[in-house]
Amino acid sequence: EVQLVESGGGTVQPGGSLRLSCAASGFTFSSYDMSWVRQAPGKGPEWVSAINTGGGSTYYADSVKGRFTISRDNAKNTVYLQMNSLKPEDTALYHCARESGLATYDYDYWGQGTQVTVSS
């Protein structure tokens, strides 16, 4: 019943921008911290960003700090990732994930992901 559906990915040139969305359903969205996690081809998952339940606290991997902004709209059950100044190394499948509450970087549900490709 828990569902996370990402959208907004695509192909952009270096320096470009994309805004990813993750629509959540099947649970009380406002009660859960949320994260974005990405996975490049042949590589393991890399945590990108997190946001607390109310949206007042945000966290970023060093690789995206200053370029990406995470936000959420609890009334719309949606978490966003605004990605600016994109680099080729940002190319990956981007998943939103629900924090389990058990440990840092522990997620109990993942979306299927949306592909972001950054190339000239």
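**Entry 1: a strand and one of its residues**

A strand here is a DSSP run of E of at least two residues, and strands are numbered from the N terminus. I noted at the start that this is a predicted model. With that in hand I looked up Leu93, and found its place in strand β9. Is Leu93 buried, exposed or partly exposed? I read a relative accessibility of 26% for Leu93. Buried means under 20% and exposed means over 50%, so Leu93 counts as partly exposed. I also looked up the separation of Leu93 from Ser120, which is 27 residues away along the chain. The C-alpha atoms of Leu93 and Ser120 are 18 Å apart.

**Entry 2: the disulfide**

I looked next for cysteine pairs. How many disulfides are there? I counted one disulfide. The disulfide joins Cys22 and Cys96, with an S to S distance of 1.8 Å. Cys22 belongs to strand β3 (residues 18-25) and Cys96 to strand β9 (residues 92-99). The two cysteines are 74 residues apart, and the pair links distant parts of the chain. I reminded myself that a disulfide is a covalent bond between the sulfur atoms of two cysteines. I looked up the handedness of the link between Cys22 and Cys96 and found it right-handed, with 50 degrees about the S-S bond. Both Cys22 and Cys96 are buried.

**Entry 3: the open sheet**

I then followed a sheet. In which order do the strands of the open sheet of four strands run? I wrote down β1-β3-β8-β7, with antiparallel pairing. β1 (3-7) and β7 (68-73) have a single partner strand each, so they stand at the edges, and one side of each has no neighbour in the sheet. On average, neighbouring strands of this sheet are turned by 15 degrees against each other, direction ignored. β7 pairs with strand β8 (residues 78-83) over six bridges, in the antiparallel sense. I picked out Phe68, whose bridge partner in β8 is Met83.

**Entry 4: around β4**

I moved on to strand β4 (residues 34-39). β4 pairs with β5 in the antiparallel sense over six bridges. β4 also pairs with β9, again antiparallel and over six bridges. The bridge partner of Val37 in β5 is Trp47, and in β9 Val37 stands opposite His95. The hairpin of β4 and β5 has five residues between the strands. I noted Gly42 in this hairpin, where it takes a positive phi near 70 degrees.

**Entry 5: salt bridges**

How many salt bridges does the structure hold? I found four salt bridges. One of them is formed by the side chains of Arg38 and Glu46, with 2.8 Å from N to O. Arg38 has a relative accessibility of 5%, so it counts as buried. Glu46 has 32%, so it counts as partly exposed.

I then looked up Arg67 and Asp90, whose side chains meet in a salt bridge with 2.7 Å from N to O. Arg67 lies in the loop between β6 (58-60) and β7, and Asp90 in the loop between β8 and β9, so the pair ties together parts that are 23 residues apart in sequence. Arg67 and Asp90 are both buried.

I also recorded a salt bridge between Asp108 and Arg98, with 2.9 Å between the closest N and O atoms. Asp108 is in strand β10 (residues 107-110) and Arg98 in strand β9, so this pair ties together parts that are 10 residues apart in sequence. Asp108 is partly exposed at a relative accessible area of 32%, whereas Arg98 is buried at 6%. Lastly I noted that salt bridges with shared partners join Arg38, Glu46, Arg67 and Asp90 into one network.

**Entry 6: the largest pocket**

I finished with the largest pocket. Its volume is about 230 Å³. Which residues lie nearest the centre of the largest pocket? I listed Asp33, Ser35, Ala50, Glu99 and Thr104, out of the 18 residues that line the pocket. Strand β5 (residues 45-51) gives the most to this lining, with three residues.

Definitions and conventions:
Residues numbered from 1 in each chain as written. Predicted model: local features only at pLDDT ≥ 70, side-chain atom pairs only at ≥ 80, totals over all residues. Heavy atoms only, no water. Disulfide = S-S within 2.5 Å. Buried < 20%, exposed > 50% of the residue type's maximum accessible area, 1.4 Å probe, protein only. Pairing = 2+ DSSP bridges. Axes fitted to C-alpha atoms, helices over the stretch in contact; angles between N-to-C directions. 1 Å grid on protein atoms, 1.4 Å probe; cavity = no way out; pocket = protein on both sides within 12 Å on 5 of 7 lines; lining within 4 Å. Points joined across faces, edges and corners; volume = space filled by probe spheres on them.
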